[in-house]
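Please look through the sequence and the model with the paragraphs below at hand.

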Amino acid sequence: MVYNPPLAAKFYGKRPLLILHRLVQLAFSGFPLGASLFVDKYITKKLDDEPTKKTRAKTLLTFVENNGCTYIKIGQALSVREDIIDAAYAKELSQLQDRVPPFESNLAKSILASEVGSITSTFTKISDAPVASASIGQVYKATTADGKEVAVKVQRPNVVNVIALDLHIVRTFAPIYQKITKATTDLQALSDEWGRGFIAELNYENEAANTKSFQAQMTKKGLTAVTSPTVVDSLSSSRVLTTEWVEGTRLDRSTSSDVTTLCAVALNAYLVMLLETGTLHCDPHPGNLLRTTDGKLCILDWGMTLEVQPDLQLSLLEFISHLTSEQYEEIPSDFVKLDFLKAEKEEFVRASGFLEPLTYMLKQAGQGGGGKKGICLQADDDFSIINSCFPYVAKRLLSDDSDRARVALKNMVYGASSSTIDETTVVDMLDGFESFERTSKSSKDDDEATVALAREGADL
């Protein structure tokens, strides 16, 4: 299955009654919210009143929950996009991360039986109700005939047709909504990105492959402190995914003393995915980050991933290295390489004085702290994402032999000078390498041989 907007437009263009029927459903369901917002804006003038926003956010959550998997997925995505919707709405939608209305278990078990065979002969025990419910499927805890505890995820019925129609409607009306709200984000392009991800999630065989690939890649890279569920291939299909049961607690709800360390592990893992392996997990909301009982970080739900091209990886590495080494004067050039800024605008940005406030903000971010919205800040008031990137950047630059990585390493080591080594940076980088090696392993013992090799082999 591939997301194809022109093909969808052609298909539904011949079936206007399908669209009309769905629009009537959505209009009827959304009328309470729409009417309330109209009154808030034009009659009571309380649209921006905090208590009012909290009330309307609850109404929005009800609308999303009542209208199926597409709107639940969109709600989940919006729950971490306060640049698009108000914080009060984002907070309410965040409940969708682990609280989605389930569908009937009888239907789910009928689908399971059709995919993997007789339930009674396959499992000695299976939960009557789902232990978790998501937008596209729901999970049951079961015990296999050979005594293994597993999580069995069953896909919702008719989910392909539902998502295809809803995505077509969302994509069609996105430009209208953008014009009304004067949003600066290209909402149609954003809906296309969501669409590609949603459709890719529908094939559980892809999710199984992504899950296994991540586990193998992290082991190869030496990040043994992070893992993913082990797939049971014999009990999986395109509509059913079975994995070994993982015992643990959501990272944002754990009271363990190692939560901050596991946040660093998560950051290391995502940097390795983004800048090395090229396959990025695209659904890192708190419900998918689990602290296992043996102190590892388990990343769940590998249905949505993104492939990152090598050139983009190096551009991102250069950008992150400039952030962590506070070489903020290089940021405009990085923005050009990342296509955030047109090349002809670079000098204008430098001349405009933009770098001064940007430098101030980035230095503040580097000091850590801030609003308590992230898992790391809940566990450590002074946590700094930028500073926490440094160990990985140090490790990567000291071990990457590509020309661009070598140039980035040279820039960090020499700083603004072209002839004098910045000794503080060198020491920090070597310590950073050691820190990366330490936090990325499940064992608390340092890999002294690896660190020694790095110290001897780093050509500075």
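In what follows, Ala, Val, Leu, Ile, Met, Phe, Trp, Tyr, Cys and Pro count as nonpolar, Asp, Glu, Lys and Arg as charged, and the others, Gly among them, as polar. The model is a predicted one, in which local features need pLDDT of at least 70 and side-chain atom pairs count only at pLDDT 80 or more, while totals for chains, interfaces and linings use all residues. Residues are numbered from 1 along each chain as its sequence is written, and side-chain values use heavy atoms, with hydrogens and water left out.

Empty space comes first. Rolling a probe the size of a water molecule over the atoms shows where empty space is left. On a 1 Å grid over the protein atoms alone, a cavity is a set of points where a 1.4 Å probe fits but cannot get out, whereas a pocket is an open set with protein on both sides within 12 Å along at least five of seven lines, and lining residues have an atom within 4 Å of a point. Grid points are joined across faces, edges and corners, and a volume is the space filled by probe spheres set on the points. With these rules, a search of the whole structure finds one cavity of 30 Å³ or more, and the space in the largest cavity comes to about 30 Å³. Its lining consists of Asn-210, Ser-213, Phe-214, Gln-217, Thr-279 and Trp-302, which by class gives two nonpolar, four polar and no charged residues. Helices (H or I, at least four residues) and strands (E, at least two) are DSSP runs, numbered from the N terminus, and on this numbering α10 gives the most to the lining of the largest cavity, with four residues.

The second largest pocket holds about 1900 Å³ of space. Of the 42 residues that line the second largest pocket, Leu-33, Leu-37, Leu-60, Tyr-177 and Thr-181 are the closest to its centre. Two or more lining residues each come from α2, α3 (50–66), α4 (69–78), α5 (87–93), α8 (159–181) and α9 (187–201), and the largest share, eleven residues, is that of α2. By class, the lining of this second largest pocket divides into 30 nonpolar, seven polar and five charged residues.

Patches are made of residues with over 30% relative accessible area and no salt bridge, like charges being joined within 9 Å and nonpolar side chains (Val, Leu, Ile, Met, Phe, Trp, Tyr) within 5 Å; accessible areas come from the Shrake-Rupley method with a 1.4 Å probe, and for residues only the protein chains shown count as cover. Phe-38, Val-39, Tyr-42 and Ile-43 make a nonpolar surface patch of about 400 Å². Val-39 lies in helix α2 (residues 16–42). Where buried means under 20% relative accessible area, exposed over 50%, and partly exposed in between (1.4 Å probe, protein chains only), Val-39 is partly exposed at 31%.

Charged pairs come next. A salt bridge is a side-chain nitrogen of Lys or Arg within 4 Å of a carboxyl oxygen of Asp or Glu, and by this rule the count comes to 22 salt bridges. One of them joins Asp-166 to Arg-22, at 2.7 Å from N to O. Asp-166 lies in helix α8 and Arg-22 in helix α2, so the pair ties together parts that are 144 residues apart in sequence. Asp-166 counts as buried at 0% relative accessibility, and Arg-22 counts as buried at 11%. In another pair, Glu-207 and Lys-153 form a salt bridge whose closest N and O atoms are 2.8 Å apart. This pair links distant parts of the chain, with Glu-207 in helix α10 (residues 204–221) and Lys-153 in strand β4 (residues 149–155), 54 residues apart. Glu-207 is buried at 4% relative accessibility, as is Lys-153 at 14%. Glu-149 and Lys-141 also meet in a salt bridge (4.0 Å, N to O), but here Glu-149 is partly exposed at 40% and Lys-141 is partly exposed at 28%. Asp-311, Glu-318, Lys-337 and Arg-404 are linked in a network of salt bridges.

Most residues other than glycine have a negative phi, and most peptide bonds are trans. Lys-45 has a positive phi near 60°; it sits in the loop between α2 and α3. Asp-301, also not a glycine, has a positive phi of about 65°, and its place is in the loop between β10 (297–299) and β11 (305–307).
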